[in-house]
Amino acid sequence: MKQLLMYCLFFYSIAAHAQKAVLKGNIAHSPKDTMMVALLTDQVIGDMQTYQVILRQGKFRLELPLNTSCYFAVSDNQHYIHGLMEPGDSLELFYDAQDIPGTLRFAGSGAEKCNYYQSFAQLKSNLRERAEWTDSLTDLHLAQLRMIRSAMRPESYNQLRGQLEGFRLSFKYNDPAMPLPSFHDSLSYSFNYINAAYNILSQRYASEENLITKYKQLSLVLPAALRVPVLTMFLSNDVKKYKSSDMDAVIESVYGASGHDVYKRYIRKKLFAARTFRKGIPAPDFALENERGEVVGLADFRGKVVYIDFWFEACVPCQALLSRIQPLKERFNNVVFLYVSVDDRNVWKRALVKVPGYHLYTNNKGRQHPVLSAYNVNGYPTTYIIGKDGHIFNEAPSGYPNELAKQLEGALGE
């Protein structure tokens, strides 16, 4: 009897952990006969699980292992549809690829939160046009979210609420001269909130050159639950700039015995890559499309100094950097200012007209394009200066005009 009880407990334990969700697709006029589905399991370190499914008469069905709420993306490499799933959901996605805005909808168990999620795109557009309405528009969306709260798990509600509060932070505190807002531990489960906190702080502390001082100050303004994920985003970018023993000391101070081994291993791996991806090595080649659909490689710029910037349209630090160095583009008209966007083609095409320079994009592969791993891109913006010989001249150029001008002059005169 005791043995039988142990077996029952064992199989109950397996069943309790082997949760899943079902995602079905019903897609008209798809440009491809396969789709990619990604579960965005940890966006701080870019961790995701990907699945390729075959469309049969525009339909697919996929069972996904899921133990907690998780954002997902469905893509045919031309269109990207996002939503939020939780264990037990059985969702069906409908759209016509020739008219996604007019036909996109979700049905089935868990559809309420996915249909609600689609309203975020319009909210962001409204906030860009009328930033002074940030509080009223965000509060309106929060009220709508509360109305469907009973249709989802608490963690799903917290994910969506965190995204809304992340919008509030991004649009209210995008001026570095403004006082810092209070950050809330209760929203630390939301990557969008973590990312908003990182964007705001990265502007305030961009000029702090002393690494130890910078991370001490950041630790003081961040509440406990936000500290490690936000500082991980800072470290992901700073490992390129600071390769001294100070960086090793900061990594230990951030993680210590906190139990965040996955984040610590991720940063250690990035630090190793940064210490090997250095001045003098050949810059990785690539094959990317420009706005005319022409395939462009690094060899097309041989004999010229290239300032390469990996960016995306909604990235606040990207926009701040573009604004700061704009005067240098006229002064250094013999340098190629090359911008590589990870946005999808439609977003990229709308955004590039505002940014002088030579533009390429990652061919609707977004952040999965191999050029990003080749260039150790783990945060945005990521920039390099490539010399006339096609080798890396500077692996961590300054984000400030005076210092960057000296670095560009060095590359031109080499």
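Helices (H or I, at least four residues) and strands (E, at least two) are DSSP runs, numbered from the N terminus. Residues are numbered from 1 along each chain as its sequence is written, and side-chain values use heavy atoms, with hydrogens and water left out. The model is predicted: local features need pLDDT of at least 70, side-chain atom pairs count only at pLDDT 80 or more, and totals for chains, interfaces and linings use all residues.

**Exercise 1. Compare the radius of gyration of the chain with that of a compact globule.**

Step 1. The radius is taken over C-alpha atoms, and the globule rule is 2.2 Å times the number of residues to the power 0.38.

Step 2. For 414 residues the rule gives a value near 22 Å; the chain has 23 Å, which agrees.

Step 3. Along the principal axes, the C-alpha atoms fill a box of roughly 80 × 50 × 50 Å.

Step 4. Among contacts with a separation of 6 or more, 62% join residues 24 or more positions apart.

**Exercise 2. Check the span of helix 11 and find what its buried residues pack against.**

Step 1. The expected span is 1.5 Å times one less than the number of residues.

Step 2. Helix 11 (residues 261-276) has 16 residues and should therefore span 22 Å; its end C-alpha atoms are 23 Å apart, in agreement.

Step 3. The buried residues of helix 11 include Tyr263, Tyr266, Ile267, Lys270 and Ala274. The buried residues of this helix pack against strand 2 (34-42), helix 9 and helix 10 (245-255).

Step 4. Turn to threonine 232, which is found in helix 9 and is buried, with a relative accessible area of 1%. Beyond residues up to four places away in sequence, threonine 232 touches Val44, Ile45, Tyr255, Tyr263, Tyr266 and Ile267.

**Exercise 3. Describe the largest cavity and its lining.**

Step 1. On a 1 Å grid over the protein atoms alone, a cavity is a set of points where a 1.4 Å probe fits but cannot get out, while a pocket is an open set with protein on both sides within 12 Å along at least five of seven lines; lining residues have an atom within 4 Å of a point.

Step 2. The structure holds four cavities of 30 Å³ or more, and the largest cavity has about 70 Å³ of space. Grid points are joined across faces, edges and corners, and a volume is the space filled by probe spheres set on the points.

Step 3. Among the lining residues of the largest cavity are Ser236, Lys240, Lys270, Ala274 and Asn376. Helix 9 and helix 11 each supply at least two lining residues.

Terms used:
Buried means under 20% relative accessible area, exposed over 50%, partly exposed in between (1.4 Å probe, protein chains only). Contact means heavy atoms within 4.5 Å.
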